[in-house]
Amino acid sequence: MPRLITLSRAARLVGVKRGALQTKIQQGELRTFEGELLLADLLQVYPQTQVEDTTMLERVEHIMEQAVNKIVRPANDDLPDSDTLAARILALGQELAQARQEARRYNDLVTDLKQKLDELGPEAEKTQEQTFSKLKDWFTLALASTETPADDSDFIAKEAFLRVMAAQVRILPSGHEFFIEGSDSILEAGLRGGLALGYGCSNGNCGKCKAKVVSGQVKKISRHDYALSETEKGLGYILTCANTAVTDVVLEAEEALGSHDIPQQEIDIRVKKTECPNDRVIILHAKTPRTSRLRFLAGQYLSLELAGLPAQYCSLASCPCDDMNLQFHISVTTGSPFSEQLAGSVKANTVISIKGPKGAFTLNEDSPRSIVFIAINAGFGPVKSLIEHAMALDIAENLYLYWMTTPGNSHYLGNLCRAWDDALDNFRYRPLEVTDRKPVADVLAEIIADLDAIEELDFYVCTPGPILETVETALTNNGVSASRLQLEPVRESQTG
Ligand code: FES
């Protein structure tokens, strides 16, 4: 029976983006059967795939994990626990036994057929003799080709190994997929994989992460106070924050498909630290309570209120995959009590009340197109959030970052951007400077000249408000349609 493989697993196996496989499907190079690919087709299109590539894949994933600033986990959490491993190996063993049995049946059938042809040959009429002879030769060849080539065995062994190390979860009705490594909960792994799954407390109290298991085996990994009814249990409902996947799993679960699906929240967060990389920007690191994390989409903004001061809007600069540790890049504005207090007297553990999230400067997750990010000064904050989310989703074929600074500002996280550029084959970073002699329009012309097939790219731009129109005009004049252009002003005003 032909072996099928999901798009996500195929991408992992051959070490390319899902977007690259989707392009090959559109171009007819790869066939799909109910959304899955033939393993044999995959090997034909990527014949260079070797078992040794696994180490390369793991190295890149490790670098990516460091660069993307994902949730820190203890090292011994990298492996699934022994029960989960045993259950996955058992499932693979059953599959293997079934495949062997099937292969044996096919082999017997073909051997019998060949024997029949041998017997029929001499009795056949002279005119039929040649036909039988041809048919017999064809069967002899076909029989020989049923032996699995060594390359295929390595490929299949690698795929089986990846299946033991990580289970795949598919969410319905969206069809989004992600992998669970170690003993992570389904919710943790989903958030890390860039999905906006529905949840509330993350620790088994609220029931908002309830999902229905359609197929596959899950395992409870933590106690939960929220009680599922007997009917719900009977129907296969589980809490994703308290369960992991043992085998590949299909779940019916709630997912935010846009900013309108994210509930408004009010949370008191605490300052972890502030950094002033230059005198124009403050990086604020803050933590939510463990039991009240912030649900948001990359690129959104919040209202922040420091005791006694008017609330101010600020964009999130961190990834929704880490919903406890929030980051904001705040422009230092003369006369702004908020930024002055942050730069001066705010200490660790100071409480900041947040409300939100707001805004629709969010990633189009259904687009497999390459993405261009353009930021000016602290506009890098929300762009950083989007980049980290795009890396977690792993869909776009290429990511380009153009970060402009105006006089007096600097690329204050240039090292991070260079680390992304070094670690990821599909990421390119170009720092650019706007000067008195080289205005924004000239730098934009340089960016446009640097890009191929500009009309086929998605653009996400965050600059000070008055500059947005210049950027929009430059891009649309060069063929970028409005539907592929997301514009966001740097959020630095009071909430009013
Ligand atoms: S998120 Fe609250 S119970 Fe799972």
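The following dialogue explains how to read several features of this predicted model.

Colleague: What is the average pLDDT of the protein?

Modeller: pLDDT is the predictor's confidence in each residue, from 0 to 100. The protein averages 86, and 89% of the residues score at least 70. Since this is a predicted model, local features need pLDDT of at least 70 and side-chain atom pairs count only at pLDDT 80 or more, while totals for chains, interfaces and linings use all residues. Residues are numbered from 1 along each chain as its sequence is written.

Colleague: Where does pLDDT stay under 50?

Modeller: One such stretch is residues 51-57, with 7 contacts beyond four places in sequence. Two residues are in contact if their C-beta atoms, placed from the backbone, lie within 7 Å. Over residues 68-75 the pLDDT is likewise below 50, and the model gives this stretch 11 contacts beyond near neighbours in sequence.

Colleague: Which residues have the most contacts inside the largest nonpolar core?

Modeller: A nonpolar core is a set of buried Ala, Val, Leu, Ile, Met, Phe, Trp, Tyr and Cys residues joined through C-beta atoms within 7 Å. A residue is buried if 20 or more other C-beta atoms, placed from the backbone, lie within 10 Å of its own, exposed if 12 or fewer, and partly exposed in between. Here the largest core has 95 residues, and V169, F373, I374, A390 and L401 have the most contacts inside it. Helix α11 (residues 380-393) gives the most to this core, with 8 residues. Helices (H or I, at least four residues) and strands (E, at least two) are DSSP runs, numbered from the N terminus. Leaving out residues up to four places away in sequence, L401 touches F373, I387, C417 and Y429. Another core, of 8 residues, lies apart and includes A11, L13, L30 and L37.

Colleague: Is N243 buried or exposed?

Modeller: N243 counts as buried because 22 other C-beta atoms lie within 10 Å. N243 belongs to strand β9 (residues 243-245). Beyond four places in sequence, its contacts include S185, V218 and I238. N243 and S222 are 21 residues apart in sequence, yet 7.1 Å apart in space, C-alpha to C-alpha.

Colleague: In what order do the strands of the open sheet lie?

Modeller: Strands of a sheet pair through backbone hydrogen bonds, either parallel or antiparallel. Two strands pair if DSSP finds at least two bridges between them. In this model, 5 strands form an open sheet with mixed pairing, in the order β5-β4-β10-β6-β8. Its edge strands, β5 (177-181) and β8 (237-239), each pair on one side only. Strands β6 (residues 210-215) and β10 (residues 249-252) run antiparallel and are joined by 3 bridges. Within this pair, V213 stands opposite L251 in β10.
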